[in-house]
Amino acid sequence: MLKNKSHSKISSIIGPDVIVGGDIKVSGSILVYGTINGSVIATGSVRTAKDSLIKGDIVSRDACISGKVEGHMKIENKTILESNAILNGDLSSSILVIDEGASFQGLCNTAVRKNNDKEPNDFESKMSQSLDG
């Protein structure tokens, strides 16, 4: 298995000539070079390459985006939008790093919700409704 910068094992790879039509659920981390027309849910990290495209939502522990994402992202820990990244959608993440040259159009929530919070805020409600369908 390959390892990415955060030293977590990449268990799945979508090659540059692959087009997936549908949602993907990964137990572990995924590296995307190709196109996914659907949502990506991973227990580990989601990493996308420069010319990749995801037309759907992303839910994962961490994310490092270099390609284009047209959908919402709900990331538990850290999100990195690298210099070639294009994100058109809302983002919820504990930590956000945006490199110079990256494009982000949407709402951003970096507030960490504690387990004892009574109600989700409006942004979290919107994200949950969006991701649930």
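Which residues is Ser 66 in contact with, leaving aside its neighbours within four places in sequence? I started my notebook with that one, and the list reads Thr 48, Ala 49, Lys 50, Glu 82, Asn 84 and Ala 85. Contact here means heavy atoms within 4.5 Å.

**Ground rules**

I am working on a predicted model, in which local features need pLDDT of at least 70, side-chain atom pairs count only at pLDDT 80 or more, and totals for chains, interfaces and linings use all residues. Residues are numbered from 1 along each chain as its sequence is written, and side-chain values use heavy atoms, with hydrogens and water left out.

**Entry: the whole chain**

I counted one helix and 17 strands in the chain. Helices (H or I, at least four residues) and strands (E, at least two) are DSSP runs, numbered from the N terminus. Of the 133 residues, 43% are buried; that word stands for under 20% relative accessible area, with exposed for over 50% and partly exposed for in between (1.4 Å probe, protein chains only). I also noted that the chain exposes about 7,500 Å², 48% of it supplied by carbon and sulfur atoms. These accessible areas come from the Shrake-Rupley method with a 1.4 Å probe, and for residues only the protein chains shown count as cover. Among contacts between residues at least 6 apart in sequence, 9% join residues at least 24 apart.

**Entry: the open sheet**

Next I followed six strands that form an open sheet with parallel pairing, in the order β3-β6-β9-β12-β14-β16. At the edges stand β3 (19–21) and β16 (103–105), each with a single partner strand, so one side of each has no neighbour in the sheet. Two strands pair if DSSP finds at least two bridges between them. For β3 and β6 (residues 35–37) I found three bridges in the parallel sense, and Ile 19 stands opposite Thr 35.

I then walked along another run of pairings. Strand β2 (residues 9–14) runs parallel to β5 and is joined to it by four bridges; Ile 10 has Ser 29 as its bridge partner. Lastly, β11 is joined to β13 (residues 73–81) by three parallel bridges, and Ala 63 has Thr 79 as its partner.

Ser 66 lies in the loop between β11 and β12 (68–70). With 9% relative accessibility, Ser 66 counts as buried. Its side chain makes a polar contact with the side chain of Glu 82, at 2.2 Å. Such a contact is a pair of N or O atoms within 3.5 Å; within protein, one must be able to donate a hydrogen and the other to accept it, and residues adjacent in sequence count only if both atoms are side-chain atoms.

Asn 84 is in the loop between β13 and β14 (86–88), and is partly exposed at 39% relative accessible area. Beyond its neighbours within four places in sequence, Asn 84 is in contact with Lys 50, Ser 66 and Gly 67. I also checked Ile 65, 19 residues away along the chain: its C-alpha atom is separated from that of Asn 84 by 8.2 Å.
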